[in-house]
Amino acid sequence: MRVTRASMSLDSLLDFFRTGIESRTSDDPANGPKEASYFERFMSSALPECLEARCQDQDSDCRTDNFGAVLRPLSRYEVSATIKYASMFSATALPSPIQATVLRKLQLHRERRRTDVRGLDFVNHNSLTSAPPLLPPQPPQPDILNSLKSIRTTPYEMSFLSRLCGHRPSSTDSGLVAVDWETRSPWMELMADVREHYSYAHPASFQSHEVSVPIRYVSLQASHLQQVHELLTRVFWDGIDVSDLLQSSSERCSVIAIYGKIVIGAALLSSPQEAYITYLAVRAGWHNSQVATTMLYHLIMLNPHRDITLHVAANNPAMLLYNRFGFKAEEFITGFYEDYLDSQSRASMNAFRLRLRR
């Protein structure tokens, strides 16, 4: 009943502010003291009931924690005052994590009151949909297991890892220098076109799968001699024999480019002591594929801290390649190749002597 009387007193207080003051003449100075005394008498009689009603309302919201302490929710004024004080404090000093958490919770509580949004404590748990029951684990089907077991591991020489780390499969690559999986030469493109054309012309016949093979750069081996001699004969002249390199340090004096089982290039030094490039040749169909550049690079790197010399025909396009590596012309020799080339040869008989200073 006290709450009701307090509510009536609050209504009377609102009526007083809304109609009581308006009915009086505020312009008359003589009415000032009478109005002040009337307001004080009214508040002195209504304020105790209002305070008592507020205390009873707060007592109804009190809760007891696990330790027996009575907890009362903050009023709107207390929340606003606490936020204002905490904001002023945080402007002068960095708040602790706990203080920042409490401030965020108070601000969220105030916004919920302003927007009339209920918290999680007011969720109607009867309206929530329960999770479906967990099904017992099912044993895998035999056909799935058989399919997984039938998957074969990609061989290392055809795997992506071998493209990153290089492939050194057997003793035949004991002198392996480098592996190149990226280069596509005109000859490789031509062979791919031939296979594609054949598959279109004979769709019913069996088509063998093309196996990707890298270009391997190795040192000279006895198994390479026949193809190396044939390559040097086509590019230079007859009677070239480089088998004596097998008796010396072939790992430092030779770089042979191989595609599958085909020798596609050769770069040779006379000896590690002299460091003179005797031959640099690339098979037809493999030009403009960086094969000669790669062989020359590795041959130079295999012989560090030594000057490297060579002779090149005056009209040989390889002069541009040597210039890119830093070779400089030291001497122009007239008729250097007269004893080696046929008189009808298109190659120049004159030569430059080049040197790479280290």
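**Note on the predicted model: surface patch, salt bridges and pocket**

1. Leu-148 is exposed, at a relative accessible area of 54% (exposed means over 50%, buried under 20% and partly exposed in between, with a 1.4 Å probe and protein chains only).

2. The model is predicted, and local features need pLDDT of at least 70, side-chain atom pairs pLDDT 80 or more, while totals for chains, interfaces and linings use all residues. Residues are numbered from 1 along each chain, and side-chain values use heavy atoms, without hydrogens and water.

3. A salt bridge is taken as a side-chain nitrogen of Lys or Arg within 4 Å of a carboxyl oxygen of Asp or Glu, and the count by this rule is six. Glu-330 forms one with Arg-357, the closest N and O atoms being 3.0 Å apart, and salt bridges that share partners join Asp-307, Glu-330, Arg-353, Arg-355 and Arg-357 into one network.

4. The largest pocket has a volume of about 1200 Å³ (an open set of points on a 1 Å grid, with protein on both sides within 12 Å along at least five of seven lines, and a 1.4 Å probe; lining residues have an atom within 4 Å of a point). Of its 41 lining residues, those closest to the centre are Val-235, Phe-236, Leu-280, Asn-316 and Ala-318, and β7 gives the largest share of the lining, seven residues.

Key
Grid points are joined across faces, edges and corners, and a volume is the space filled by probe spheres set on the points. Helices (H or I, at least four residues) and strands (E, at least two) are DSSP runs, numbered from the N terminus.
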